[in-house]
Amino acid sequence: FFPLFSAAPAQAKNVNELTVVVPAESIAKFIQPLLPYSINIGKNFSGSFWVKSIENIRITKDRVSFSAHIYGNDIGYSAKIGKQTASFKVGSVNLRNHWQASFRFDKSQKKLYVKPHVDSPQDKKDFSQGDILIDTLFNALSDIEYPIDVNRIKPIAAELYDTELTINTDISDVYADNNKLFIEIIPTAQKKDANSQ
């Protein structure tokens with residue numbers, strides 16, 4: 001994990017910060033072992049959804065783009081119409097699309113705001129009913145800004161010579177350029193004698 005990323009303290013805005021530099025190639029290497037990845041699209045859907053691949057990751061000025069392949073089996077959708085619930089079986093999903101996600105970091109709220117945009121395939125003549133349904137859902141979720149609380153990262157804990165060390169990380173900025181993601185972190189350390197009560 002750690003060899004994928006590098007710390008660049010010289011780029012930080014003050015001496016208390018570390019800047020973690022994450023190249024696009026490292027993101028791709030980190031994601032690859034996690035795939036295929038099961039996703040939950042919502043309570044109205046039934047069946048299995050998977051992200052099969054994420055490729056062509058590119059990072060530009062505060063924007064990340066990538067291609068995704070999503071597939072699913074036995075997909076169904078339920079909707080409440082009046083007092084009745086209507087269920088639709090749409091079968092399988094085998095959808096390829098391209099995403100662009102712009103983002104900004106609000107330093108006062110300590111939140112990262114991400115706005116995804118999906119570029120659907122131009123040629124939809126071979127779309128299954130499932131492809132049409134999921135493509136429509138992605139387009140409905142597209143171009144909306146979503147907040148992410150980035151400071152919910154768990155502290156790093158270790159024990160060294162009967163001393164418990166805890167390193168808390170406070171993310172102070174997130175930005176991107178030149179095919180790299182930059183994360184500025186202010187680390188703080190706490191120590192406690194492991195034998196003390």
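Are F45 and F49 buried or exposed? Both F45 and F49 are buried, where buried denotes under 20% relative accessible area, exposed over 50% and partly exposed the range in between, for a 1.4 Å probe and protein chains only. The model is predicted, with local features requiring pLDDT of at least 70, side-chain atom pairs counted only at pLDDT 80 or more, and totals for chains, interfaces and linings using all residues. Residues are numbered from 1 along each chain as its sequence is written, and side-chain values use heavy atoms, with hydrogens and water left out.

The structure holds four aromatic pairs, a pair being rings of Phe, Tyr and Trp (its six-membered ring) with centres within 6.5 Å, stacked if the planes are under 30 degrees apart, edge-to-face if over 60 and tilted otherwise. Because the ring centres of F45 and F49 lie 5.9 Å apart and their planes stand at 80°, this pair is edge-to-face. F45 also forms a tilted pair with Y77, at 4.9 Å centre to centre and 55° between the planes.

The charged end of K52 sits over the ring of Y71, 5.6 Å from its centre, and R104 lies over the face of Y113, at 4.4 Å from the ring centre.

Terms used:
A charge sits over a ring if NZ of Lys or CZ of Arg is within 6 Å of the ring centre and within 35 degrees of the ring normal.
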